[in-house]
Structures are given as C-alpha cells and as structure tokens.
Amino acid sequence: MNKEVVLAEKLVESAQKCVAEGYTFPVVHTAVDHKDSLELIYIFRDVRDMDRGERVLSVQLDPDHPVVDSLTPLIPGLVFQEREVYDLFGVVYEGHPDLRRLLLPEGFVGHPLRKDYTKTQGDVVQ
Amino acid sequence: MIANKEGITQEELVINLGPQHPSTHGVFRMVLECRGESIVGVTPHMGYLHRGFEKLAERRTAVQYQPYPDRWDYLAAMFDEMAYIGAAEALLGIEAPPRAEWLRGIVMELNRLSSHLLWLGTFLLDVGALSPFLYTFREREMILDLLMELTGARLTYSYLRFGGLAHDAEDIWLKKVRAGIPYFRSRVREYRQLIDDNEIFRKRVQNIGVIDQDTAIRYGLTGPMLRASGPAWDLRRHRPYGVYRQIETPVVTRDKGDTWSRYQVRMDEMDVSLDLLDIFLEGIEPGAVNAKVPKNIKFPEADTYFAVEGPRGELGVYLAGDGTAHAKRMKIRPPSLFNLQVLSQLLVGHMVSDAVVILGSVDIVLGEVDR
C-alpha cells in the first residue's frame, strides 16, 4: 500500500489538504501496534471521481503517550472509528466531541488490541 | 425543563429502545430523548455482540481463521469470506482460477438476494405489514437450501478458501440455480406490485429519514444508503474484484435519500443480482477451482486493504502481516457501523413510530457492527 507518512503535528494540515482536493470520504481508520511505535492509518477516497485512487495517510505515535489531534471535526465519518481506536488501542484524540469506549463496557480496564495486553488486565471495574 | 405560562413544567422523556427489542434487529440499543411524540436526541450504544474477531486474527493462523469471517455478518457470510480471503490473497499474491471466481460471483449474488429478502420482510414488519415477512422468508429459504446443498450450511458456509473454493459445484446444482432465476424474478415483481403502490406504505416511508448527498459522503455511508442519496458508487463497478472485472455491473441509484429511495434501491438491486446470476451462469466454464497454494501460509511484512460490495455496503479488510502465519493486525470495515453514524440526523425531528421504520431502512446487522 502506498502510504504518505505524516508527522502527528501535521496530521490536521494534511487531512485538510485531502479534503480540499476532494478526498472527503472516510474509507477506514485504524491503528497497528508495532511494539516500538503505534501507527495510525487513514484511508480517504473521492467518491465523486471514480478514477482517482485512495489516499492513505500514516502517522507514527509514541506507544507510551499516544495522543493525536482528532479529525472528526473535519471528517465527521470518523467519529465511531476514532472511538473504536481509543477503545481498543488507547489512542487519545484531542478535540473529539464524544470520546468514549465504543465496543467494550465502560468500566473495562486496558486496551486489548495492544500487543502488551495480557488477559489479567481485562477486568471490568463496576 | 421548560415552564409554560400556566406554570406547568415539561421535560424530555427518555425511552430506552433495546438491546432486546425486535425492531433493533439484534442487540442494538438506542436511548431516545422525546418531547411528546417527537425525537429530540438519540444516543446509540453497541458492543453487546462484541466477540473480539480482530484480536482472534492475531491469535489464530491464517488458515485457522478461515471459518471466523462467516460470523461477522451472519446474513451475508459469503461477502465476509470474500473480504478476508481476498485481502489475504492480495497480500500473498495468490490468484484463484477462473471457475472459482465465477462460482464466487454466483454464491455472492445468491447471498445478496437472500440478505435483501430478509431485509424486505423485516422492514415491512417494522412498517406494520405482517404477511410479506412470510413470503420473503419462503423465497429466502429456497436460496438457503441451494447454498446448503452446495456448502452444507445454511448461514455459515466456510466455502471460500485461499486460492479457490472448498470444492467444485456440480452441474446439477448450477442447473437448479438456473431454473430458480425466473421464479425469483417473478416473485420480486410480485412484491413490487403488492408494496409499491400501497398508499399506507408510501405515506409511512416517503420523505422520512432524509440524508443528503454531501452528508452521506462525509459520514462514509456505503451501499444502498449512499446510492439512495445520489452518488453512483459501487465497488463492483468502480473497484472491481474477481469476476466483476469482466463485466460492467449496473449501478442502481436514487436521489431523494429518504426511506422510500432506500427501499427502491434495494428492490432494484435484487433484479440486478438476478441479471448478474444469468451472466455468471452463462459464462462459467469447466476447470480447476483451486490454485497452487503453499502448504505453510505466512503473511509477508506488508499491508493491504481489500473491500467487497456487500448487501449493506463496503465491507473491507485491512490486513498487515509480519512474516509469520498470524496476522499482525486485521481490521474489519463494517458497513453497518458507518451507516449508523448518521442515526441522529436520520431520527431527530421524527416521531417515535418512525424511528423503528428508519432504523429498519438502515439495514444493520449487529454481528458486523460489534464484531
């Protein structure tokens, strides 16, 4: 996959550029845990122009302090995707309108899709 | 709380709909805030059916994971299999032989038809019409019988394999499918005659739950939800895969974006599926159904995104490997989850009784939303 590597600070700027060029359709957003870094993947598409390919943005985050600007105010279709990545990877999206867990219960401890997650962490605190 | 002139205070009534409510089509829960009979706010809650399929993909080998995709969207399992197998094939550089691609097309279009039939029955049940449910389930059961004859299972088929299929289809089975098409076509026509001009149905669905084109795109809607709002986007046509590379799939669109348009798009798609089945059955030729696949499947250190056009929209799989037999990361893009993002735009301002109809027109499957 052809990825454009973007710095975390420049993410909003790059996304704005994508939107201005017509890539307004959010295909998918997810994270990949590389152990020494946490990679965020954003795929955008221009639905009005069928022949243009997808744009893929890739952002590397510090796995100990995964904080990044939210793109939800710019592309509202990412609202559940960012909640899901927060839920399963613990990435904090600054500026997200409603950053709660999406799939796991509210009192769940830990972020299960992280590679260092162990079963004993997964307790629900009532 | 609002106090009026007489000093009577009014406050919003909070209604909890689900998770065990038949109109939510599974274990979906939404909290409706109502002022009188109209909805002023909605909060969706999901995750009741979360089974951790993405984590399981990291703990099972590529081959061991093959039966799992059937359980994502259990009403259209062939598409889930195609999404996972297709992503893995793209990563591994395997290509299925032509007969396997044609057969994949046939089972997928049959599955789309069965999924749309189930949607039609339950949607009309939401509107208040009870008998169409019995008719559509009769036809759906015939399709499931066909798929059961081929694969041995009604819903969780596990029929697709890396580089091909579990086994070939016999000629007699293909004949049965061919013989069934005129019957299904006449039944779809019959439903349209029964439903389309029904005054009550029209009044319940027209101009209800409108989504404009721009909102549909920015919220990532796909499938009939997107096409009912105008954009003619269909992955079978614009990002073709497998057998769809050889044909030009007709794209059905409407431009009103209301519940009625979504109904029309899905009904027309059933006809398109039947036309495609005709083409596939015409084009299929004898041959092998399995390519040469290495015994030990190891995902290379790369990543890919592969998507298919399911009955509910774009079903994609993002797959990253790290040189082992396990996936490093597998992410499912469930169309229903994206389609649910516009829930408050759809519902706010409408009556509570319309909420059930509008949610029915979104066509969610919770196995896929929660994964």
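Student: Which residues of α2(A) are buried?

Tutor: Buried means under 20% relative accessible area, exposed means over 50%, and partly exposed lies in between, with a 1.4 Å probe and protein chains only. In α2(A) the buried residues are A:Val79, A:Phe80, A:Gln81, A:Glu82, A:Arg83, A:Glu84, A:Val85, A:Asp87, A:Leu88 and A:Phe89. That is ten of the eleven residues in this helix, which spans residues 79-89 of chain A, so α2(A) is mostly covered. Helices here are DSSP runs (H or I, at least four residues) and strands are E runs of at least two, numbered from the N terminus. Keep in mind that this is a predicted model: local features need pLDDT of at least 70, side-chain atom pairs count only at pLDDT 80 or more, and totals for chains, interfaces and linings use all residues. Residues are numbered from 1 along each chain as its sequence is written, chains are lettered from A and ligands numbered from 1 in the order in which they are written, and side-chain values use heavy atoms, with hydrogens and water left out.

Student: Say I pick A:Gln81 in that helix. What does A:Gln81 touch?

Tutor: Contact means heavy atoms within 4.5 Å. Not counting residues up to four places away in sequence, A:Gln81 touches A:Val28 and A:His29, plus B:Lys331, B:Leu337, B:Phe338 and B:Gln341. Its relative accessibility is 1%, which is why A:Gln81 counts as buried.

Student: And what follows α2(A)?

Tutor: A:Gly90, with a positive phi near 80°.

Student: Where do positive phi values turn up in residues other than glycine?

Tutor: One of them is B:Asn207, with phi near 60°. B:Asn207 sits in the loop between α6 (199-205) and α7 (213-218) of chain B, and at 52% relative accessibility it counts as exposed. Another is B:Ser158, not a glycine either, with a positive phi of about 55°. You'll find B:Ser158 in the loop between α4 and β6 (160-161) of chain B; its relative accessible area is 22%, so B:Ser158 is partly exposed.

Student: Now cores. Which residues touch the most other members in the largest nonpolar core?

Tutor: General idea: in soluble globular proteins, nonpolar side chains tend to be buried together. A nonpolar core is a set of buried Ala, Val, Leu, Ile, Met, Phe, Trp, Tyr and Cys residues joined through side-chain atoms within 4.5 Å. The largest one here has 83 residues, and B:Leu103, B:Ile106, B:Tyr159 and B:Trp173 touch the most other members. Helix α3 (residues 98-127) of chain B gives the most to this core, with 14 residues. Apart from it lies another core, of 74 residues, among them A:Ala31, A:Leu61, A:Val85 and B:Trp233.

Student: What is B:Tyr159 in contact with?

Tutor: Leaving aside neighbours within four places in sequence, its contacts include B:Met78, B:Glu81, B:Leu103, B:Val107 and B:Leu150.

Student: How do I read the packing of α3(B) and α4(B)?

Tutor: Two packed helices are described by the angle between their axes and the distance between the axes. Axes are lines fitted to C-alpha atoms, for helices over the stretch in contact, and angles run from 0 to 180 degrees between N-to-C directions. Here α3(B) and α4(B) (residues 131-151) pack at about 160°, with axes 9 Å apart. That makes α3(B) roughly antiparallel to α4(B); the cut-offs are under 35 degrees for roughly parallel, over 145 for roughly antiparallel, 65 to 115 for roughly perpendicular, and oblique for the rest. The contact residues divide into 15 nonpolar, five polar and two charged. For those classes, Ala, Val, Leu, Ile, Met, Phe, Trp, Tyr, Cys and Pro count as nonpolar, Asp, Glu, Lys and Arg as charged, and the others, Gly among them, as polar.

Student: What about α3(B) and α13(B)?

Tutor: Their angle is about 170° and their axes are 8 Å apart, which makes α3(B) roughly antiparallel to α13(B). B:Trp119, B:Phe123, B:Asp126 and B:Val127 in α3(B) meet B:Val356, B:Val357, B:Gly360 and B:Ser361 in α13(B). By class, that contact has five nonpolar, two polar and one charged residues.

Student: Is α13(B) enclosed or open?

Tutor: Largely enclosed by the rest of the structure, because nine of its eleven residues are buried. One of them is B:Val362, at 1% relative accessibility. B:Val362 touches B:Met225, B:Arg266, B:Asn339 and B:Leu346, again not counting residues up to four places away in sequence. Just after α13(B), B:Asp363 takes a positive phi of about 60°.
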